[in-house]
Amino acid sequence: MLILGGALIFIAALSLCLGSAALSVQTTIRSIFSGHNTTAHNILFEIRLPRIILGFAIGGALSLSGVILQGLFRNPLVEPYTMGISGGAALGVSMAIILKIYQSVGLVTLPFAGFLGAVSVIMLIYTINIRNKTLKMQGLLLTGVMISFISSSFIMLIMAISRTEDLHGIIFWIMGSLEEPNWFLIKLMLFISLAGLSLSYIFWKDLNALRLGEEEAAHLGINTERAKRALFVLASILTGCAVSVGGIIGFVGLIIPHFMRMFVGSDHRVLLAGSFLGGAGFLIFCDTLARTLVAPSELPVGVITGILGGSFFIYALARKGKSGA
Amino acid sequence: MRWPGRENRVLEIRNLTCGYDKRFHLKDVNLAIGEGGFFGIIGPNGSGKTTLLRAMTRILKPESGEVLLRGKDIWHIDFIELARTISVVSQNVSTDDLNVGEFVLLSRIPHYRGLQFLETKHDEEIADNAMAMTDTLKFKDRSMSEISGGERQLVLIARALAQEPKYLLLDEPTSHLDITHQVRVLDLLKKLNRELSLTVIIVLHDLNLASEYCDRIALLSGGTIYKEGLPGEVLDYQTIENVYKTVVIVEKNPISLKPYVLLVSEDQRLRARKK
């Protein structure tokens with residue numbers, strides 16, 4: 001855990017130093033402590049720092065949500081986006097873009113529309129699958145996947161009938177980015193993901209017991225229905241918020257929990273915080289690459305997380321297979 | 001916690017009807033299982049043995065009737081309180097990628113206090129103790145997926161023991177085991193029953209094992225209790241032939257003097273009839 005924390009701080013510092021405007025380490029350090037109102041200071045605090053904080057919050061939230069859902073479904077292939085929540089958010093945003101709502105309301109519209117879309121999907125899957133006060137997990141997964149398909153079809157429909165500049169907006173939003181000029185949203189996101197992390201620890205016993213299956217968890221004195229509902233809602237809200245602010249940044253919620261499980265085992269006391277920190281670090285790192293590789297323009301961060309995360313994972317898996325573990 | 005008087009030290013099932021999706025697997029079952037006993041539940045496939053066990057452990061909600069633990073409806077007992085009283089060894093436990101030690105320690109979950117975050121020395125001692133009793137301490141660091149079926153069954157019992165229950169419910173713990181392990185598991189349960197005065201309620205397929213080890217037996221048939229009593233009362237050839245629709249001969253085990261059920265194949269039956 002200490003190593004993880006250290007790595008995270010190192011990545012954050014690295015990310016602070018790297019950027020399209022090349023600032024040396026000395027300049028960086030100097031401007032952090034003294035140079036108010038210098039260009040360097042402005043770049044650091046107005047451009048890079050917000051992205052790092054947002055990367056921390058979103059990366060942590062997605063990865064935490066992934067680890068919770070994988071624990072809940074006892075299925076390692078589940079990730080935050082499997083549940084159709086991102087689809088709902090994307091649909092909400094596409095509608096907002098094409099209906100030009102943002103012109104009348106302002107910049108916060110897109111995150112808000114995304115959140116609205118995400119929440120409606122969550123409520124939809126939840127109400128479909130709750131019967132006799134029990135949440136049907138298998139059904140939850142299937143409806144989630146179906147809603148994912150339906151909403152992506154709708155998005156394609158919207159894209160087909162929208163004009164070029166709207167199309168561009170939709171595509172860029174879908175690919176995900178940590179560029180967010182609104183400080184309030186950044187702080188809110190940070191608060192939500194840290195609150196999510198603390199709340200998840202209320203359920204560490206439940207998550208650990210659920211590793212044995214629902215009935216076994218009940219035999220261990222776990223109120224499984226309450227745990228399932230609370231954890232599903234918690235993971236959904238974390239995902240919904242992350243997607244609304246950052247767009248669809250894939251793979252963090254799938255890969256990082258896997259990685260962490262390989263390294264620290266499946267005890268959720270370590271795994272929850274480990275995944276949060278791992279996801280945070282990974283996303284900050286990917287974002288740094290995204291904005292430095294082709295500087296001064298930038299790549300969509302979702303592309304980097306996908307390519308990097310995926311290939312890294314295959315590599316780790318292959319190595320693990322070879323060592324016979 | 002103070003329990004009511006001695007006469008209440010019993011797990012009682014009253015007019016229990018329950019099943020899945022409106023199809024009833026159990027109809028109007030009445031049963032009282034006294035504490036400290038070794039109680040067997042037998043019956044053909046689909047007669048409702050596992051359903052009964054699931055109703056007793058609060059997995060299945062009764063359609064009507066109730067299950068009373070020491071006079072209290074189990075659906076009104078706190079989850080954690082129930083888990084501290086009853087522990088269950090079920091047939092399919094997914095064990096993930098856990099190692100044996102971690103797996104056994106999970107049983108301490110109902111004993112955690114409020115904000116307790118790590119296992120205490122006490123928890124670890126109890127887990128080690130349970131593994132020592134079941135002779136599984138030597139696998140402590142092995143993965144659950146590496147050990148054999150017999151060893152796995154012993155580890156499941158170790159986990160249930162570390163939960164420090166008053167009642168231990170087991171669903172066919174000896175199926176798929178060779179006779180060495182069958183006897184080992186049941187001898188162990190008998191010993192725990194005697195030494196810790198642990199109440200054992202066990203679903204068994206093997207009539208002879210049930211006869212040898214159980215103080216009392218309930219024979220289920222088609223979702224109702226066909227007969228309940230001492231092994232000698234329940235296991236006579238007529239009862240078994242009625243319930244199992246199979247020809248059997250019941251003899252006495254020369255050493256334990258308990259009933260012993262022998263099967264007769266169709267060929268032999270025909271040959272006997274010709275004579």
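**Strand pairing, a helix crossing and the chain contact**

Leu69(B) stands opposite Lys72(B) of strand S5(B). In this predicted model, that pair belongs to the antiparallel pairing of S5(B) with strand S4 (residues 64-69) of chain B, which extends over two bridges. Both strands are part of an open sheet of four strands in chain B, ordered S2-S1-S4-S5 with antiparallel pairing. The edges of the sheet are taken by strand S2 (23-34) and strand S5 (72-73) of chain B; each has a single partner strand, so one side of each is left without a neighbour in the sheet.

As for burial, S11(B) is hardly covered, since none of its five residues counts as buried.

Turning to the helices of chain B, helix H4 (residues 121-133) and helix H5 (residues 149-162) have axes that come within 8 Å and cross at roughly 140 degrees. Angles over 145 degrees would count as roughly antiparallel; H4(B) and H5(B) are therefore oblique to each other. The crossing of H4(B) past H5(B) is right-handed. On the H4(B) side, the contact is made by Ile126(B), Ala127(B), Ala130(B), Met131(B) and Met133(B), and on the H5(B) side by Ala158(B), Leu161(B) and Ala162(B). By class, the residues of this helix contact comprise eight nonpolar, no polar and no charged.

The contact between the two chains draws on 17 residues from chain A and 20 residues from chain B. On the side of chain A that touches chain B, helix H10 (204-210) and helix H11 (214-219) of chain A each supply at least two residues. The largest contribution to this side comes from H11(A), which gives four residues. What is the make-up by class of the side of chain A that touches chain B? This side has five nonpolar, six polar and six charged residues. The contact of H4(B) with H5(B), by comparison, has no polar and no charged residues.

Technical notes. Residues are numbered from 1 along each chain as its sequence is written. Chains are lettered from A and ligands numbered from 1 in the order in which they are written. This is a predicted model: local features need pLDDT of at least 70, side-chain atom pairs count only at pLDDT 80 or more; totals for chains, interfaces and linings use all residues. Axes are lines fitted to C-alpha atoms, for helices over the stretch in contact, and angles run from 0 to 180 degrees between N-to-C directions. Angles under 35 degrees count as roughly parallel, over 145 as roughly antiparallel, 65 to 115 as roughly perpendicular and the rest as oblique. A crossing is left-handed if the near helix is turned anticlockwise from the far one by less than a right angle, and right-handed if clockwise. Two residues are in contact if their C-beta atoms, placed from the backbone, lie within 7 Å. Ala, Val, Leu, Ile, Met, Phe, Trp, Tyr, Cys and Pro count as nonpolar, Asp, Glu, Lys and Arg as charged, and the others, Gly among them, as polar. Two strands pair if DSSP finds at least two bridges between them. A residue is buried if 20 or more other C-beta atoms lie within 10 Å of its own, exposed if 12 or fewer, and partly exposed in between; C-beta atoms are placed from the backbone.
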